[in-house]
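Here's a quick tour of a structure, helix by helix. Have the viewer open and follow along.

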Amino acid sequence: MTASTKQDAPSGEAVANAPVGRPRQSRHDAVTAVLPGWLRVVVLTLLVAAVTIPVGYILVASFMPDVDVANGQIVPDEITTQNYVRMWSTVDLAGGLANSLVVSGIVAIISAMIATITAYCLVRFAFRGRLTILRGLVALQSLPGTLLLLPIFVLFSSARTYLDITIIGTRFGLIVTYLTFALPFSTWVMVTYLRGLPRELEEAAMLDGCSPIGVLRRVVVPLSWPGIVVAAVFAFLLGWNDVLFASVMTRPETETVAVALQVFGLSQEGGAIPLYGQLMSSALVCALPVVVLYMIFQRYLVGGLTAGGVK
Amino acid sequence: MPAGAVRQARKAGTTGRPLWLMAPGGLLIALVILVPAVLALWMSLLQLDQYSLRTWLSAPFVGLGNYVEAFVGSRLLHSVWVSVAFGVLTTLLTLPIGVAAALAAHNAFRGRALVRSVFLIPYVLPSFVTATIWRTLLQPSGAVNESLSWFGIDGGLWLIGDRSFWTLVLVDTWAAWPFIYLLALAGLQVIDREAHEAAALDGASWSQKLRYVVLPYLRGPLALAVIIATLSHINNFTLPYVLFGSPAPRPVEVLPMLTYTTSFQTVRFGLGSAMAILSVVLIAIPLFIYLRAVRLDTGNRAGER
């Protein structure tokens with residue numbers, strides 16, 4: 001990213017080159033704008049509407065009685081906060097949220113640590129197989145989860161049969177799985193980040209007698225927080241968003257919130273319609289931690305995404 | 001060994017290459033990704049069901065039997081077709097939307113920060129939340145059909161029957177266009193101001209400018225975005241699973257859903273593994289192009305020491 005902090009400037013250089021005293025902003029716009037004004041307005045209006053109308057309706061619907069949401073009532077007759085009260089007892093939403101927070105939080109921290117260390121080795125040292133590992137990091141990101149689900153399940157079950165260690169159904173099993181799945185991307189993010197760091201500081205520290213591990217701890221990590229944050233947040237999201245593994249590898253007590261949410265969608269006993277109002281309020285609660293994370297780290301995340309090139 | 005030599009050796013060891021630092025990551029990836037991947041290959045050659053799974057080491061070996069059955073006696077080919085059609089169509093739909101959004105949001109205007117945040121919403125929402133929301137909106141008597149009825153249109157069924165395929169494409173398009181938008185926006189940042197100025201001096205119309213100035217710059221980033229997006233659509237399990245439930249209606253029986261249903265609902269684990277292996281073969285094609293395209297050593301002055 002450029003050193004320029006002003007968001008409007010496309011690059012620091014363009015700003016520096018602009019003659020002083022000219023109304024830079026408007027001129028810059030006239031020149032670099034591609035779409036004519038009317039078309040820009042049309043595109044922006046359509047897209048903002050496409051996003052805000054459904055999301056806005058869901059916000060409103062989360063305050064409507066279950067039956068009204070099910071009947072597609074657009075203008076609410078009745079506004080109630082009951083959904084936000086009842087949803088906690090309909091399913092174990094709090095337990096799900098707690099499990100998701102614990103699992104994803106631990107995954108984020110450990111995977112960012114391992115990714116930083118691994119990326120440091122990959123970027124700063126030359127060794128045989130380095131390019132193969134880099135290529136592997138990219139390739140592993142695209143391996144479908146459905147391929148690994150069954151063998152991981154069988155391996156973890158075998159750990160119980162042969163080693164008497166219970167992994168299936170525990171948070172530990174989920175953590176190890178998500179942690180590993182997050183590593184290729186997290187490491188790739190850190191590789192692209194560390195490449196951008198100047199070597200000089202590390203070399204100076206080496207000359208002062210710092211070991212590589214000391215350099216990593218005292219020089220690389222303090223300089224890499226933006227990259228580490230991106231790696232950690234994406235690892236967190238991987239854990240938070242997963243349904244596939246959580247649906248097979250959890251017990252009711254260790255269920256993540258992604259699984260707990262599915263219970264609302266099922267028809268109630270006696271063929272009654274699902275509790276759509278509560279479903280909407282709990283879906284929004286599930287999205288909340290993720291939205292907060294993005295709001296806090298938005299600047300880092302967008303830059304990190306485009307550098308890493310993958311979601 | 002003299003003390004000096006020891007110190008020398010230790011110094012060489014520590015100032016050298018502490019590659020053992022990569023052991024934790026390497027070990028995890030080996031244990032949780034590579035070994036299971038090989039295991040999946042092995043299991044695809046076995047006759048595995050809920051009884052033989054417990055003693056999978058001694059399960060009957062059936063060779064390529066599962067693969068033959070996948071092609072001849074299952075809906076695999078149908079699923080491959082659905083997956084490819086879904087992945088390609090969704091990418092083709094998100095591409096112009098994302099590029100248009102980036103072009104429109106690139107230049108400063110009042111409220112741009114807000115608009116940019118709004119554009120991120122579909123991207124930020126977890127897939128299972130997006131799917132849950134749309135599943136509710138698209139119920140037979142849900143909000144979408146209710147709104148359509150205001151215009152005298154009978155919305156009909158979105159979540160079952162032939163139309164479910166288009167529902168999947170549209171919902172995924174809604175969720176995925178911001179990815180293209182973000183990468184296109186990043187691509188727009190690097191266009192030289194001189195190129196814009198030259199185009200303006202030549203009196204180029206906006207469509208000419210788009211075609212001859214902007215799009216050539218975006219070709220690289222967009223090609224990458226297209227491959228990554230297609231791969232992630234084809235691998236997407238959460239969206240169809242939460243949107244339609246399992247087993248999925250046939251028009252949306254994408255490969256990950258078929259594999260999941262075969263393994264965990266009809267408990268044909270061997271057949272499911274064979275399907276999973278075949279889906280890797282399918283994604284290997286775009287993945288290969290991606291690996292050729294991505295520059296592994298960009299701007300790395302350090303590595304080649």
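## Chain A overall

Keep in mind that this is a predicted model. Chain A is built with 15 helices and zero strands. Of its 311 residues, 45% are buried. If you take the contacts in chain A between residues at least 6 apart in sequence, 71% of them join residues at least 24 apart.

## Helix α8 of chain A

Helix α8 of chain A covers residues 145–163, 19 residues in total. From first C-alpha to last it reaches 26 Å, close to the 27 Å expected at 1.5 Å a residue. Just after α8(A), D164(A) takes a positive phi of about 60°.

Which residues of α8(A) are buried? They run from G145(A) through T146(A), L147(A), L148(A), L149(A), L150(A), P151(A), I152(A), F153(A) and V154(A), and F156(A) is buried too.

## A helix pair in chain B

Over in chain B, helix α5 (residues 112–124) packs against helix α8 (residues 164–189) at an angle of about 120°, with the axes 7 Å apart. Because of that angle, α5(B) counts as oblique to α8(B). The crossing is left-handed.

On the α5(B) side, the contact is made by F119(B), L120(B), P122(B) and Y123(B). α8(B) brings W174(B), A175(B), P178(B), F179(B) and Y181(B). Sort the residues of this contact by type and you get nine nonpolar, no polar and no charged.

How values were computed: Residues numbered from 1 in each chain as written. Chains lettered and ligands numbered in written order. Predicted model: local features only at pLDDT ≥ 70, side-chain atom pairs only at ≥ 80, totals over all residues. Helix = DSSP H or I, 4+ residues; strand = E, 2+ residues; numbered from the N terminus. Buried ≥ 20, exposed ≤ 12 C-beta atoms within 10 Å, placed from the backbone. Contact = placed C-beta atoms within 7 Å. Expected span 1.5 Å × (residues − 1). Axes fitted to C-alpha atoms, helices over the stretch in contact; angles between N-to-C directions. Parallel < 35°, antiparallel > 145°, perpendicular 65-115°, else oblique. Left-handed = near helix turned anticlockwise from the far one by under 90°. Nonpolar A, V, L, I, M, F, W, Y, C, P; charged D, E, K, R; others polar.
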